[in-house]
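Subject: Structure for you to look at

Hello,

Please find the structure below, with notes on what was found in it.

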Amino acid sequence: MSESVVRGCVLVCHVLYTGLEAEQYIYAYISDANFIRPLGPRVLIIGHSFVSRIDRHHLRSYFPSYWIIKAVGKPGAKVKDIRDTAVAHIYTFFPDLIYVQIGGNDIDVNTTPSLLLFELMETFSYLKNLGPFSLFVGGIFPRFKPRHIGADEYCRIKSFLNKQLYFWIQNFEKNVFLFY
């Protein structure tokens, strides 16, 4: 699944920057005394355990060398964890693009799908309003052996959430994109 996260993120990043001339990133520099860094797009990948298991060297091979990539994953991350992690890294990394991979760790036998949907929508709206970046969301993955809930019920809730998030994003949010 880590490979799926990488491919989804790479697809999103390349879609966003298609049409931009690479030279504007390669030859653009900020010079501050002894500090020089290339101005490549800054990509922040945030999510659950799948993101934490991404091999950083393998990840780099998917992106042009002038892109600045940071992946932060937390095993067992829930929506609140993802929000807190994103906020902490937005103000220190200053990304141009954020890719959030939802893990489905919030889904269990006590889940009320409409409340979880509201929490997801609120989180993505909040993150989007923090800065001038594009926000991409990887939909909730299927799980064949979910914890604390039957596989059929997990899939039913996952499908509901992905479809409702897609509808909400398409109709009400700009610069937020969902892939599932």
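This is a predicted model: local features need pLDDT of at least 70, side-chain atom pairs count only at pLDDT 80 or more; totals for chains, interfaces and linings use all residues.

Helix H5

H5 covers residues 79–93. Its buried residues are Val 79, Ile 82, Thr 85, Ala 86, Val 87, His 89, Ile 90 and Phe 93. An α-helix has 3.6 residues a turn, so residues three or four places apart point the same way. The partners that the buried residues of H5 pack against are S3, strand S4 (68–73), S5 and H6. Directly after H5 comes Phe 94, with a positive phi near 55°. Phe 94 is not a glycine, and it sits in the loop that joins H5 to S5. It counts as exposed because its relative accessibility is 55%, where the cut-off for exposed is over 50%.

Helix H6 and its contact with H5

H6 spans residues 113–128. It has 16 residues, and the distance from its first C-alpha to its last is 22 Å, close to the 22 Å expected at 1.5 Å a residue. Pro 113, Leu 116, Leu 117, Leu 120, Thr 123, Phe 124, Ser 125, Leu 127 and Lys 128 are the buried residues of H6. These pack against H5, S5, S6, H7 and S7.

How do H5 and H6 lie relative to each other, roughly parallel or roughly antiparallel? Their axes come within 10 Å and cross at roughly 5°. Angles under 35 degrees count as roughly parallel, and H5 and H6 are therefore roughly parallel to each other. On the H5 side, the residues that meet H6 are Val 79, Lys 80, Arg 83, Ala 86, Val 87 and Ile 90. On the H6 side they are Leu 116, Glu 119, Leu 120, Glu 122, Thr 123, Tyr 126 and Leu 127. Sorted by class, this contact has 8 nonpolar, 1 polar and 4 charged residues.

The nonpolar cores

The largest nonpolar core has 32 residues. Within this core, Ile 98, Ile 107, Leu 120, Phe 124, Leu 135, Leu 161 and Leu 165 have the most contacts. Two or more residues each come from strand S3 (42–47), H5, strand S5 (97–101), H6, strand S6 (134–138), helix H7 (151–172) and strand S7 (176–179). With neighbours within four places in sequence left aside, Leu 120 is in contact with Val 79, Ile 102, Leu 161 and Leu 165. There is also a second, separate core of 13 residues, with Phe 63, Ala 71, Leu 97 and Tyr 99 among them.

Not counting residues up to four places away in sequence, Tyr 154 touches Gly 103, Gly 104, Ile 107, Ile 140, Phe 141, Pro 142, Arg 143, Pro 146 and Ile 149. One of these, Pro 142, is 12 residues from Tyr 154 in sequence and 8.1 Å away in space, C-alpha to C-alpha.

His 148 belongs to the loop between S6 and H7. Its phi is positive, about 65°, although the residue is not a glycine. His 148 is exposed, with a relative accessible area of 61%.

Regards

Key:
Residues are numbered from 1 along each chain as its sequence is written. Side-chain values use heavy atoms; hydrogens and water are left out. Axes are lines fitted to C-alpha atoms, for helices over the stretch in contact, and angles run from 0 to 180 degrees between N-to-C directions. Helices (H or I, at least four residues) and strands (E, at least two) are DSSP runs, numbered from the N terminus. Angles under 35 degrees count as roughly parallel, over 145 as roughly antiparallel, 65 to 115 as roughly perpendicular and the rest as oblique. Contact means heavy atoms within 4.5 Å. Ala, Val, Leu, Ile, Met, Phe, Trp, Tyr, Cys and Pro count as nonpolar, Asp, Glu, Lys and Arg as charged, and the others, Gly among them, as polar. A nonpolar core is a set of buried Ala, Val, Leu, Ile, Met, Phe, Trp, Tyr and Cys residues joined through side-chain atoms within 4.5 Å. Buried means under 20% relative accessible area, exposed over 50%, partly exposed in between (1.4 Å probe, protein chains only). The expected span of a helix is 1.5 Å times one less than its number of residues.
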